[in-house]
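Please open the structure in your viewer and keep the sequence beside it, so that each selection can be followed in both places.

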Amino acid sequence: MPAKKKDGKKSGSSVQPGTSTTKDDDWKKVNRRVNDTARRIKNLDIQGAQEISVAGLRVLREVAGVKGFGTEFAMAAEKLAGARPTGISLYNFLKLIKEKKSLKSVDKVLKHIVKAQEWMSYNGSKLIKNNTVIMTHCHSSSVLNVFRRASDDHRVFKVVVSETRPKFQGMKTAKELVGMGIPIYYIVDSAGPFLVSSCDMVMVGADAVRADGVLNKIGTYPIALAAMEAGVPFYVAATKDKLDYDCISEIEDRPDREIGNPDELEVTGGEIENPAFDLTPWKLITGVITESGVLGQREIRMLLDGNFKI
Ligand code: RUB
């Protein structure tokens with residue numbers, strides 16, 4: 001029990017080495033949350049570039065609240081942004097926050113995410129006509145927001161959802177769409193390129209929008225190739241925070257055990273490759289649906305020459 005000074009306040013000097021102060025306790029709790037969030041991002045409990053950004057920013061706001069924007073903030077930011085290296089949004093947002101170093105700037109970014117999604121959804125929903133069939137791949141909250149908006153606007157359409165091996169994020173998409181009352185067909189990934197010719201449009205999300213194309217979940221590229229062959233428009237729903245201004249995005253290599261048992265293969269001398277994303281080149285992309293409208297390669301290249309702003 002710390003001794004009391006004459007004025008009744010506890011004396012700081014009486015805290016014994018090893019005794020936790022309230023601030024230490026707060027930090028331990030927040031630090032645990034940083035580690036827990038990074039772990040959940042890594043194992044895909046939290047997935048999709050946007051959900052990763054929001055979860056990361058929320059916990060980093062707590063870090064800043066206890067420790068400010070110094071070393072601890074930088075280390076936590078690196079841990080969270082590095083948990084999934086392909087997604088660019090969190091990196092872009094952190095760059096802005098590190099310049100301003102204020103809780104206000106974190107709140108501004110969190111508000112911006114909501115507004116940008118609203119405008120992007122509005123712009124995307126205008127592309128969806130009644131009685132169309134749209135193919136999507138993986139789980140993108142941006143694509144789901146577009147579908148939600150179109151459905152709220154009483155547009156009637158169906159969505160073909162590919163399962164998205166090896167972690168089956170397509171099932172998450174399918175369940176959310178069914179929950180919104182939007183009819184779906186659930187297919188295996190290998191059926192995607194075959195069935196795309198019977199769709200009116202493809203709409204997928206993005207982890208990074210770059211000068212050479214768009215990075216999204218592995219399996220996006222073959223759908224885009226088949227869409228081009230069949231003359232089906234291929235759209236990417238992605239707010240401008242996905243733009244890779246600093247050319248830092250890389251394709252994440254996921255653990256072998258997500259696909260199979262490496263020990264079983266080892267005896268045969270085989271190895272497992274598990275790239276999580278692929279690159280769809282611009283020649284296969286009809287447009288990127290952003291908060292500022294549907295943009296083509298030229299407009300994206302012009303934006304990439306500048307810096308990310310909100
Ligand atoms: C998710 C994925 C999503 C993008 C965009 O991959 O590829 O299409 O991240 O999502 P994973 P959002 O499941 O490996 O994270 O639109 O939500 O940012």
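This is a predicted model: local features need pLDDT of at least 70, side-chain atom pairs count only at pLDDT 80 or more; totals for chains, interfaces and linings use all residues.

Residues are numbered from 1 along each chain as its sequence is written.

**The whole protein**

Taken along the principal axes, the C-alpha atoms fill a box of roughly 85 × 55 × 40 Å. Of the 310 residues, 39% count as buried, where a residue is buried if 20 or more other C-beta atoms, placed from the backbone, lie within 10 Å of its own. Among contacts between residues at least 6 apart in sequence, 75% join residues at least 24 apart, a contact being a pair of residues whose C-beta atoms, placed from the backbone, lie within 7 Å.

**Two packed helices**

Next select residues 89-100, which form helix α4, together with residues 103-125, which form helix α5. How far apart are the axes of these helices? The axes of α4 and α5 are 8 Å apart, and the helices pack at an angle of about 155°, with axes fitted as lines to C-alpha atoms over the stretch in contact and angles running from 0 to 180 degrees between N-to-C directions. The two helices are therefore roughly antiparallel to each other, a term used for angles over 145 degrees. To look at the contact itself, show F93, L96, I97 and K100 in α4, which meet S105, V106 and V109 in α5.

Now move to C138, in the loop between β1 (132-137) and α6 (141-152). Phi of C138 is near 65°, a positive value in a residue other than glycine. Is C138 buried or exposed? C138 is buried, with 28 other C-beta atoms within 10 Å.

Finally, select the loop between β2 (157-162) and α7 (169-179), where P166 lies. T164 lies in the loop between β2 and α7 too, and T164 has a positive phi of about 70° although it is not a glycine. T164 is buried, with 23 other C-beta atoms within 10 Å. Then look at the peptide bond that joins R165 and P166, which is cis, with omega about 0°.

How values were computed:
Helices (H or I, at least four residues) and strands (E, at least two) are DSSP runs, numbered from the N terminus. A residue is buried if 20 or more other C-beta atoms lie within 10 Å of its own, exposed if 12 or fewer, and partly exposed in between; C-beta atoms are placed from the backbone. Angles under 35 degrees count as roughly parallel, over 145 as roughly antiparallel, 65 to 115 as roughly perpendicular and the rest as oblique. Two residues are in contact if their C-beta atoms, placed from the backbone, lie within 7 Å.
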